[in-house]
Amino acid sequence: MKPILEIQNVGKKYLIKHEEQQPYLSLRDSVTGIFKSKSSKEEFWALKDVNFTVNPGESLGIIGKNGAGKSTLLKILSRITPPTTGKIISRGRIASLLEVGTGFHPELSGRENIFMNGSILGMRKAEILKNFDAIVDFSGVEKFLDTPLKHYSSGMQLRLAFAVAAFLENEILIIDEVLAVGDAEFQKKCMGKMGEVASSGRTVLFVSHNMAAVKSLCENGLLLENGEVKLEGKINEVLDLYNSDNIESNTYYDTSNFGDRKRGLKQIYIKSVNIHKNLYSPNDKFQIDIQLNKNEVLFNNKEIHLAVFIFDILQNNVYQLSTMFSSQKISFDERSLYSFSLNQLNLTKGHYTIGVWLQGNNLEQDYLDQSVSFEIGEGTIYELQNPLIVSLLQKEFNFSQS
């Protein structure tokens, strides 16, 4: 059986233009053209010698950091932009869902937009008519079907747009991050539909930064790094390599490097976090040290609360350590080091992230949203218990202020 998609030595080059800084030009200088703008061009290869194949009915997850070349690859596969080098052999019709809502018109009704958007996405009129009732039912906008789209909420427009794209009957479906939008109920519905598409024997290429979605939807994976294929294989192997590459080499995190954190008042804030190790064994003791600081001279209420959350790759909260679980009262002091420790991790091999939460004056002050990570290596778990229940019962973690 021949592959439904063959990508052979595909590369994409862009020219980046650099303008040289010019001194202030007077009107006379501009008119006479004494000073002319100087610029230089630099070659940038978004993709370099990319080779892989996709078999009929395969669901392939394409992952990588921002700038790895994922979206460029999908645009080439969708024939939005041509490759600079190499070629693509396709043995089926390709439908692309790269941006939900492309081709919608605000003055047309929902009914009219279904037909217009379906045509733009490559559906024949007969296909649209056959799936029309299913599209309307999936979108949940039947009551407003003959209302102009400009009167729809953004959520309703999103539902209608995805509903049209979800019923494309092409042999190959390319999806780029569309499940990252909408409310939780809608995302769950979209995931279910994409699962149906994948299990129906059609070929799916799915790009997302949501590793849980990629793992649940795809059986195989492709890891891109700096425009090149780093690994192609089973999705678990690809995710393991991707996560191991993202482990920080250090264990001490200065939170001033974390950018603008939106949550919390920041009267007091998390200054640094130290997890001591970035690679643990399943039964190792775990400790996290937290240093606090303040932005305001006056902090009315000295009493504070701290919490640490540990998440697995599927975003499940496997540990929740909080001073709220203890009768011990703690106070804010810039000189203090606040420490949580677990006698035994009881975690299986994989990648884990940490969130740290701070409350003061009975209000949220700061939150680090999974900016810290660590890895659990190979090993047998002894005395396996439910870690969340263990932490809630306060049998496994200790807290200290020193």
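Angles under 35 degrees count as roughly parallel, over 145 as roughly antiparallel, 65 to 115 as roughly perpendicular and the rest as oblique. The model is predicted, with local features needing pLDDT of at least 70 and side-chain atom pairs counting only at pLDDT 80 or more, while totals for chains, interfaces and linings use all residues. Residues are numbered from 1 along each chain as its sequence is written, and side-chain values use heavy atoms, leaving out hydrogens and water.

**Exercise 1.** Find the residues that join α3 to α4, and sort them by class.

*Solution.* Contact means heavy atoms within 4.5 Å. On the α3 side stand Arg111, Ile114, Phe115, Gly118 and Ser119, and on the α4 side Ile128, Leu129, Phe132, Ile135 and Val136. Counting Ala, Val, Leu, Ile, Met, Phe, Trp, Tyr, Cys and Pro as nonpolar, Asp, Glu, Lys and Arg as charged, and the others, Gly among them, as polar, this contact has seven nonpolar, two polar and one charged residues.

**Exercise 2.** Describe how α3 packs with α5.

*Solution.* Helix α3 (residues 110-120) meets α5 at an angle of about 40 degrees, with the axes 10 Å apart. That angle makes α3 oblique to α5. Gly110, Ile114, Asn117 and Gly118 of α3 touch Leu160, Ala161 and Val164 of α5.

Technical notes. Axes are lines fitted to C-alpha atoms, for helices over the stretch in contact, and angles run from 0 to 180 degrees between N-to-C directions. Helices (H or I, at least four residues) and strands (E, at least two) are DSSP runs, numbered from the N terminus.
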